[in-house]
Amino acid sequence: MIKRLFFLNVCILLNQVYNLHAQTSVQKTTISYSCVFNVLFERGQRYIHFDSKLISDETGSVFFLTPSSNSINDEMHENEITIQADTLFRVIKDFRNENLIFGDITFDGKEKVYKDTLHVMNWEISEEKKLIDSFVCYRATTHFKGRNYTAWFCPAIPIPNGPWKLGGLPGLIIEAYEDNKDLYFLLSEIRMNYQLPVQRIQQNQNYPNYNSFIKYWKDFFEKLAGSLSAQENPDCVSCHSNSKAKAYTWEKIPF
Amino acid sequence: MFLIAFFILFYLSFVWFTSLAQEKFTLKGIILMVDHQPIQNATISLKNPNSGVISAFAISKSDGRFVLKKEHLPEGQYQLVIEHVNAVRETRHIYFKDGIKGFSDTIFILQPAVKQLSEISIKSSPLPFSIRGDTVEFKAKSYKTAETRKVEDLLRNIQGFDLGTNGKISFNGKEVDRILIEGEDLTEKNYQLLSRNLNANLVDKVQVINNFSTDRLIKEVEKSDKVGINLTIDNTFKNKLSGSIEAGSGPGKREYIDNNLVLINKKVKLLSFVNYNETGLSANSNLSYYFNQDDKEGTVAAREDDVNSIIQTGTIYLPPLGQTYIRDNEDLSGFVIGSWKQGKYVKMKALAGAGRSRLSKGATGLNQYLPADGDSWIILQEDRFRSTANETIIKFSLAHDREKNNIGSYTADIFANKSENKYGNTSYGAITDTLNENLKNQGLQYLIGGNETFRLRKGRVLKVNLKLIKEDLLQNFQANTNRYQDYFMLDSNYRLFSQQLKGDLLSQEIDFRLVGRKTKSSWYTGIRMLHETTAYQAASNAADPRSQSIVILGQSPSVFNSFRTAVYGILTKPIYKKGELSVGGNIGFGTVRIEQQDKNDQLTAPVYRGVMGYQYALSPVKNISFQYSFSGQLPERVNFHPLYLLSGLATILNPAEQLVNRKNHAVSFSYASHNLIKGSGFVFYASFSHTDGAYSYSTMRTPSYGFLYYLVQNGNKFGTANMKFDKFINRIRIKVSLQLSTVVSASDLVFNEVLSRNKMNNFSIQPKVVTAFKFPVNLEASLAAMYMLNETIPETGTISRFSLWQYQGYGKLKVRACEKIYFAAMYNYYLLAPRNFFNTMDLYANFSLNKSWTFSATLHNLFNASSIVQRQFSVNSVSEQRYELVNRYLIIKAQWIF
C-alpha cells in the first residue's frame with residue numbers, strides 16, 4: 001500500500017514537475033533589428049540598409065541579415081569586388097554548449113561555417129542610461145575582434161542576447177554599434193511565441209574553429225598578393241611589382 | 001518522517017560570511033526553477049538601489065550556475081536582481097561591507113512567471129540618409145519641419161546643402177548643375193523653377209549625384225565634377241493628378257495663392273505651378289534669369305550681363321531685411337513643364353511660363369560725397385520707386401536616343417518681357433530739384449540650339465554643339481528734371497529729357513568636342529567658334545514744355561562685332577589613391593571690331609586659358625581641391641554701347657573707347673567634409689584673382705549729374721574666403737554653426753579726374769545655435785556681425801575712408817504643442833547704421849488636421865515698425881537711408897494636399 005502510494009505520489013509529482021516545466025519553457029521569439037552597414041568601412045562610405053532577425057528559443061538562437069527592400073543594387077567601382085550572399089552575418093548560438101557557429105562568405109561566394117566561443121566579450125557597463133522608445137537602456141562597451149562596440153541594453157527585457165555575435169548582457173540589446181557606426185543595429189520589433197521558419201545549420205557537426213577562419217583568410221591573401229606581384233612580368237624574377245593589395249575584414253585579422 | 005521530509009518542498013536560503021579582508025567581490029550560486037530544474041540564461045545583476053546603475057552582472061550557464069565578480073566594490077547598500085524571461089523577478093537587498101569577500105553556494109529559486117512578456121514594436125529608423133557609390137540619398141520626411149514648404153526650404157535643413165541669396169544651390173562646396181524629377185531633367189539649368197515652387201510635401205527622397213552628367217555617352221568616358229540632384233516623388237502622389245493648393249487672405253489686401261499640380265507616370269511627367277501673392281514674396285523668381293543660364297565651362301568668351309540692362313532708372317538698394325518686410329508687391333506667375341515620350345526613342349519637353357509683378361519701394365535719407373579735391377557736398381533726398389513687369393517664356397526641346405551609339409537633343413526658346421519703372425526723387429541741400437523718371441523696356445529673345453553625340457571607335461566620343469541667339473531690345477527713357485542742364489549747357493526751361501535705345505544682338509556658337517579615356521586617365525579636346533554682333537541705335541533730346549522746342553542731344557549708333565576661335569583640351573589623371581590632377585586650357589585667336597560715333601577700332605589678339613587643378617575626393621561628402629588658372633581674353637560687348645546715354649538719377653553713360661586684352665590669374669582652394677551621422681561639417685573656400693586690362697566705371701560727379709565712362713585698369717585684385725563649420729552635440733542635443741567670410745578687393749579708378757586706388761574689405765562672422773530637444777519647446781538663435789571698409793586713396797588730394805560695423809540677428813522660439821499644432825515666434829534685430837537699433841517680430845501658428853489639410857496663421861511685423869535705417873558706402877560717398885517697411889498684417893492660410 002505504501003509502495004503504491006509512493007509510486008502514485010511520484011507520478012503526481014513528476015506530472016506537476018512536467019507541467020511546471022511546460023509552463024516555464026522559454027518562449028520562441030523573433031526579434032527584428034534594423035541594420036545599417038558601411039560596406040566600405042575604413043576605405044570610404046557606402047551605407048546599405050539591412051533587415052535582420054534574431055530567432056531564439058531555449059536551446060539557442062539564429063541571427064542573419066538580408067538586404068532591405070529599399071536597397072538598390074550598387075554600381076561597382078573598378079578595382080572593387082563585392083561578394084554578397086542572400087544572407088550575411090549568420091550566427092547560430094548554442095546556449096547549452098556555450099558556443100556559436102557563424103557563416104563566412106568565401107571568395108568563391110560559398111558559405112563556410114566556423115565555431116567560436118559564445119559571448120566571449122568583456123562588457124563595461126557605465127552609469128549612462130537613455131530612453132529608446134519607452135525602454136530604459138543602459139550603456140555597455142566592449143572591445144571585440146579588433147573593434148570597439150557600444151550596446152544599449154534593457155534590463156527590463158531579461159534576454160541576455162543581441163544581434164550578430166553580441167550578447168551576454170543582463171538584458172536584451174536594443175541598440176548596438178561600432179564606434180564609427182560602420183555597423184549599426186536598432187531593435188524594431190519583438191514577436192513572442194512566434195518563430196520565423198529558417199533553415200538552420202546542423203549544430204552537431206565538427207566545424208573548424210576561429211583560428212581556422214583566420215588561417216583561411218591569411219592564406220588566401222598571401223596567395224592573392226603573391227599572384228598580383230607576379231602579374232606585371234611573370235618572366236622577370238627580379239622585377240618589382242607596383243601592385244599593392246590590402247585586405248579589409250570586419251573582424252580584424254592580423255595580415 | 002522520511003516520507004514527510006521527501007514530500008515537503010522547502011526553500012533553502014542561507015548564506016555564510018567569510019571574514020577574509022579582500023577587495024574583490026565574488027558571488028557564486030545557482031539559479032533553479034521551483035521544480036529544482038536549473039535555469040540557463042537568467043540574468044543576475046548587482047544594482048545601486050537608488051540609481052538602478054548595474055555595478056556587476058552575470059548570466060547563468062546551462063547548469064544554472066553563475067559567478068558574479070566585481071573588483072573594488074564600494075561599501076553600501078545594493079540590490080541583487082535575478083531575472084529570467086519566464087520567471088518572476090527575484091530581488092534581494094545586500095549590504096556590502098569592506099573586507100567582505102563575497103558569497104558562495106547561494107541558491108536562488110524562481111517562481112514561474114504568470115504574465116508573459118508582451119510583443120514589442122519600436123518605431124524608429126536608424127539613419128535618414130544612405131550613401132551608395134556617387135549618390136547620397138536623404139529621406140525627405142526626416143528633414144521636414146512644420147515650416148518647410150518648398151524644396152529649397154527642405155534643402156536648407158539638410159546638412160551639406162548651402163543656398164545662396166540668389167537661389168543658387170551648392171552641396172559640399174560644389175555648385176548644383178541640375179535638379180531632376182524622377183530622373184527626368186525638366187528644367188535644365190533653370191532648376192530654381194523646381195526648388196522655389198515645388199511643394200516639399202510631395203517629395204520622398206533627395207538624391208545628390210556626384211560626377212553628374214546628362215550625356216549618357218560622355219559619362220562612359222569622362223568623370224564629371226558636376227553635382228546633380230534627383231527628387232523622387234512620394235508614391236502616394238504618382239500615377240494620378242496630385243499636388244497642393246494653398247490659399248490665404250488677410251486684412252489690408254494681403255492675399256496669397258499657391259498651386260502645384262503633378263502628374264508623374266511612366267510615359268508622362270507634368271508639373272504646373274501658379275503663385276499669386278501680395279505678401280512680399282517674389283512669385284516669378286526672375287524669369288529672365290532662367291533664359292540666360294548658359295554653360296560657362298571653358299567658353300571662348302564668358303557671357304556677361306544681357307542686353308537690356310544698360311539704361312536704368314534711379315533705384316532704391318534694399319537692406320538685407322527679408323522680402324516680406326520691404327516688398328510692397330503684387331505678383332502673379334505660372335509655369336507648366338512637361339515631358340512625354342514620342343515613340344520608343346524620342347522624348348519631348350516643353351515649358352511655358354508667364355509672370356506679372358508689381359513692386360513699390362520708398363526711402364528717405366542723405367548722401368554725402370567727398371571727392372579728393374576737397375569740394376564735398378550733401379544731398380538730402382526722398383525716393384519713390386514703382387515697377388511693373390510682364391514676362392513670358394516658352395521652351396521646347398526634343399531628345400532622341402536609340403540606346404546605341406548616338407544621342408542628340410534640340411531646343412527652341414522664346415522669352416519676351418515688357419516692363420515699366422517709375423522713379424521719383426526730391427532733393428535738397430547741394431541741389432534743389434524734383435526728378436521724375438520713367439523707363440519702358442521691351443525685349444524679345446530667341447534661342448535655337450542642338451547637339452549630337454556619337455560614340456566612335458576605341459571608346460572615344462564626339463559631341464557637336466550649335467547655338468544661335470537673337471535678342472531685340474527697345475528702351476524708352478524719360479526724365480523730368482533740371483539736373484542734366486549743367487552738362488548739356490541748356491537753360492532751365494529744358495526740363496524734359498528722353499532717350500531711346502534700340503538694340504539687336506546676334507550670336508552664333510559652334511563647338512566640336514572629342515572625349516576619350518586611356519586606362520585611368522581621361523581627356524577631351526575640341527575647337528570652339530563664337531561670332532557675336534551687337535548693334536545699337538540711340539537718340540536723345542531735351543524739350544522745353546512751355547515753348548515746345550526740342551534740342552537734339554545726340555543720335556549715335558554703336559556696333560560691336562567679334563569673332564573668336566580656340567582649340568582646347570584637358571587631361572585628367574588619377575594620382576595617389578583618390579586624387580586627380582587636371583591640366584589643360586585653350587588657345588586661339590579673335591578679332592573685335594567696334595564702330596562708334598566718329599570712332600572705329602579693331603583688335604586682333606590671341607585668346608588663351610590655362611588651368612591646372614588637383615582634386616582629392618575621399619567620398620561623396622568629403623573632398624579637397626585646388627586650382628590655378630590664367631587667361632587672356634578679348635573685350636566683351638557689354639562695355640560697348642552708344643555715347644552719352646541718359647540713365648537714371650541724371651547719369652550719362654559712356655562706353656569704353658579702347659580695345660584692350662584682359663589678362664587674369666586666379667587661384668582657388670576648397671575643402672569640404674561632412675559627417676552625416678555625427679551631424680558635423682566643415683567647408684572652406686578661398687580664391688584670389690588678379691586682372692589687368694579690366695574695364696571699370698570711372699566717374700565725373702557733380703551735385704547735379706554724374707558722368708560715367710569705362711576706363712581700362714590694371715592691377716585689379718579680388719579675394720574671397722568663406723568658412724562654415726557645424727556640429728551637433730548629441731549629449732545636449734544642440735547644433736552649433738559658425739560661418740566666417742571675407743571679401744577684399746582693390747582696383748584703380750578715376751573720380752573727378754583724379755586717379756585713385758579703391759580698396760574694399762568686408763568681413764562677417766555668424767554663429768548660430770539650433771536646439772533639437774525631445775520636449776516640445778526648442779530654440780534657434782543667430783547673430784551676424786559685419787565689418788565694411790571702403791577706402792579711396794587718390795594720387796593727389798584727400799583720402800576718403802569709411803568703415804562701419806553692422807549687426808543683425810534673430811531668436812526663434814518653436815513650440816510643438818502636440819503632433820498637430822506648432823507655434824513659432826521670431827524676433828529679429830538689426831543695427832545697420834550707427835545708433836539706429838531696429839527690431840521686429842513675426843508670429844506663426846500651424847495646425848495639421850490630417851495628412852491632407854493644414855491651416856496656418858502668420859502675424860507679420862508685430863511691432864508695426866515703419867522703417868529701417870541703413871548706412872552704405874560707395875566710392876567717395878556715404879549714404880544713410882531710411883527705408884519704408886510693409887505694415888503689420890495678419891494672413892490666414894489653408895493648404896490642401898491631394
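pLDDT is the predictor's confidence in each residue, from 0 to 100. Helices (H or I, at least four residues) and strands (E, at least two) are DSSP runs, numbered from the N terminus.

Ground rules. This is a predicted model, in which local features need pLDDT of at least 70 and side-chain atom pairs count only at pLDDT 80 or more, while totals for chains, interfaces and linings use all residues. Residues are numbered from 1 along each chain as its sequence is written, and chains are lettered from A and ligands numbered from 1 in the order in which they are written.

Confidence. I read a mean pLDDT of 86 for chain B, with 92% of its residues at 70 or more. Over residues 5-22 of chain B the pLDDT is below 50, and beyond near neighbours in sequence this stretch has 10 contacts in the model. Two residues are in contact if their C-beta atoms, placed from the backbone, lie within 7 Å. Residues 293-307 of chain B also stay under 50, and for them the model has 25 contacts beyond four places in sequence. For the complex, I noted an ipTM of 0.76 and a pTM of 0.69.

A sheet in chain B. I found three strands forming an open sheet in the order β4-β1-β7 (chain B), with mixed pairing. Strands pair if DSSP finds at least two bridges between them. Because β4 (65-70) and β7 (102-110) of chain B each have a single partner strand, they stand at the edges and one side of each is left without a neighbour in the sheet. Strand β1 (residues 25-33) of chain B pairs with β7(B) in the parallel sense over seven bridges. One entry I checked there: L27(B) has F103(B) in β7(B) as its bridge partner.

Strand β15 of chain B. Six of the seven residues of β15 (residues 227-233) of chain B are buried, so this strand is largely enclosed by the rest of the structure. A residue is buried if 20 or more other C-beta atoms, placed from the backbone, lie within 10 Å of its own. Strand β13 (residues 174-181) of chain B pairs with β15(B) in the parallel sense over five bridges, and R178(B) has G228(B) as bridge partner. Strand β14 (residues 203-209) of chain B pairs with β15(B) in the antiparallel sense over six bridges.

Chain A. I noted two helices and 11 strands.

Terms used. A residue is buried if 20 or more other C-beta atoms lie within 10 Å of its own, exposed if 12 or fewer, and partly exposed in between; C-beta atoms are placed from the backbone.
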